[in-house]
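Please look over the sequence and the model shown here before reading on.

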Amino acid sequence: IDLALYPPKGGAKAVQKCLASLHIGILTTENVHVAADIISAVEFSVSGELLATGDKGGRVVIFQREPERKRRPYLRGEYNVYSTFQSHEPEFDFLKSLEIEERINKIRWLPHQNPAHFLLSTNDKTVKLWKISERDKRAEGYNLKEEDGRVREPFRITSLRVPVVLPMELTVEASLRRTFANAHTYHIHSISVNSDHETYLSADDLRINLWHVEITDRSFTIVDIKPANMEELTEVITAAEFHPQQCHTLAYSSSKGSIRLCDMRAAALCDNHAKFFGEPEDPGSRSFFSEIISSISDLKFSRSGRYMLTRDFLSVKVWDLHMEARPVETYQVHEYLRAKLCFLYENDCIFDKFECCWNGSDSAIMSGSYNNFFRLFDRNSQRDITLEASRDANKPRATLKPRRVSMGGKRQRDEVSVDSLDYSRKILHSAWHPTDNIIAVAASNSLYIFQDEVN
């Protein structure tokens, strides 16, 4: 992994004026993308000091934020490689003749409670708990083994010595602590750590399972929408997440554009939801693509727990937990693509699953688009901006310029024609720092980190 840092310069404080502060490239050549290197998950730790990425090759790369320096405070946003390890390997299910990819679908951090860090990573079938710890000391002078680790023969041990602890170069070790397997028939697409810090959920298309982080041999199915006859199946689960404060509350979205809020205090099996959030469809605007584009691809609770953010193909919506009838806010991400749904259906882009995220104060939201564009929406001012994750922006002290898409007719100088958008370049995975205006977006096999300008 090749790192190149471009520090920002001082200036305006607006969130929309972001700087390219870091670019991580995993390209073999400028134009050739290695499939295993394509980033499939991005997640900040609870404190924001660590940033983890997972890729289709089953690897997890962790970046650590540099401490602030008095003389160069703008380097506060710099992230350097902290640890790299292989999380999942390709497997083969002989009973079902099914190949299980090593691709990392989701990464979730557990709260930081001791010097070590813990995170959950999952592929299609198996969730793993990893411990990331630092080691700067080593023991020497063992009695029963040589310094290289070989066991000594008993007759060669003629004296007793006391082992001593010596300092060594700092190393970061990733060790596997738990493996949670054999609980999902379908592909896992969501995991979420509960606010009690002891349990977490994993969700596939038809079921949501509840796990305890210390128990690997059993889980409890808390949501099961599988019908007795699979021909009667009309919708599937697309995303699931625990409430950030209430350990008994969870929400999951469906392919029909609805969200169900469940209370585990009511019953062990949450088939009967506590609240149902859905927006009635306008019969006049219904088309062949209506059900496809209304499918929710991501669901996130706000950090305060009052709102939910959902992403469908064309828009992001903010839902108030106290109002089920309709969203309180709707933001169009790329409305200009509505006229190109037929083309997007033919090249399968209409099935892309974009993620969305909140900023630390719940005042702004972000989601990705095509042509490596990503959109930021300010909830207070109702302003929005389109930015591009591009190699051209990676110049020292360069400020990202807003991008605009032309719908047709005469195109201005800084506008991009909707007919010239590159649909192979897309921002599917993104994350926002829990407290600061720092965002991370994954574009194929490159990771970009942007931060607002600092004085």
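This is a predicted model: local features need pLDDT of at least 70, side-chain atom pairs count only at pLDDT 80 or more; totals for chains, interfaces and linings use all residues.

## A pair of opposite charge

Which side chain meets that of Arg135 in a salt bridge? The side chains of Arg135 and Glu173 form this salt bridge, with 3.3 Å from N to O, where the term stands for a side-chain nitrogen of Lys or Arg within 4 Å of a carboxyl oxygen of Asp or Glu. Arg135 belongs to strand β11 (residues 127-140) and Glu173 to strand β12 (residues 164-180), so the pair ties together parts that are 38 residues apart in sequence. Strands and helices are DSSP runs numbered from the N terminus, a strand being E over at least two residues and a helix H or I over at least four. Side chains of opposite charge can pair when their charged atoms come close.

Arg135 is partly exposed at 37% relative accessibility, and Glu173 is likewise partly exposed, with a relative accessible area of 35%. Here buried means under 20% relative accessible area, exposed means over 50%, and partly exposed lies in between, with a 1.4 Å probe and protein chains only.

Residues are numbered from 1 along each chain as its sequence is written, and side-chain values use heavy atoms, with hydrogens and water left out.

The chain has a mean pLDDT of 86, and 88% of its residues reach 70 or more; pLDDT is the predictor's confidence in each residue, from 0 to 100. Over residues 1-33, however, pLDDT stays under 50, and for this stretch the model has 103 contacts beyond four places in sequence, a contact being heavy atoms within 4.5 Å.

## Other salt bridges

In the whole structure, a search finds 25 salt bridges. One of them joins Arg207 to Asp224, whose closest N and O atoms are 3.2 Å apart. Because Arg207 lies in strand β15 (residues 207-212) and Asp224 in strand β16 (residues 220-224), this pair ties together parts that are 17 residues apart in sequence. Asp224 is partly exposed, at 24% relative accessibility.

Another salt bridge links Arg265 with Asp263, and there the closest N and O atoms are 2.8 Å apart. Arg265 is exposed, with a relative accessible area of 60%. Salt bridges that share partners also join Asp37, Asp55 and Arg59 into one network.

## Strand β9 and Lys106

Lys106 lies in strand β9 (residues 106-109), and at 13% relative accessibility Lys106 counts as buried. From β9, Lys106 and Arg108 point one way while Ile107 and Trp109 point the other way, and all are buried. Leaving out residues up to four places away in sequence, Lys106 touches several residues, including Ala41, Leu120, His189 and Glu355.

Strand β9 pairs with strand β10 (residues 117-122) in the antiparallel sense over 4 bridges, where pairing requires that DSSP finds at least two bridges between the strands. Within this pairing, Arg108 has Leu120 in β10 as its bridge partner.

Strand β26 (residues 364-368) and strand β27 (residues 373-378) pair in the antiparallel sense over 5 bridges. In β27, Phe377 is the bridge partner of Ile365.

## Cysteines and a loop serine

How many disulfides does the structure hold? The structure holds 0 disulfides, a disulfide being a pair of cysteine sulfur atoms within 2.5 Å. For Cys262, the closest cysteine sulfur is that of Cys270, at 4.9 Å, which is too far for a bond. Cys262 is buried, with a relative accessible area of 1%, and Cys349 also counts as buried, at 6% relative accessibility.

Ser195 lies in the loop between β13 (190-193) and β14 (199-203) and is partly exposed, with a relative accessible area of 24%. Apart from neighbours within four places in sequence, Ser195 is in contact with His243, Pro244, Gln245, Gln246 and Cys247. Ser195 and His248 are 53 residues apart in sequence and 9.0 Å apart in space, C-alpha to C-alpha.
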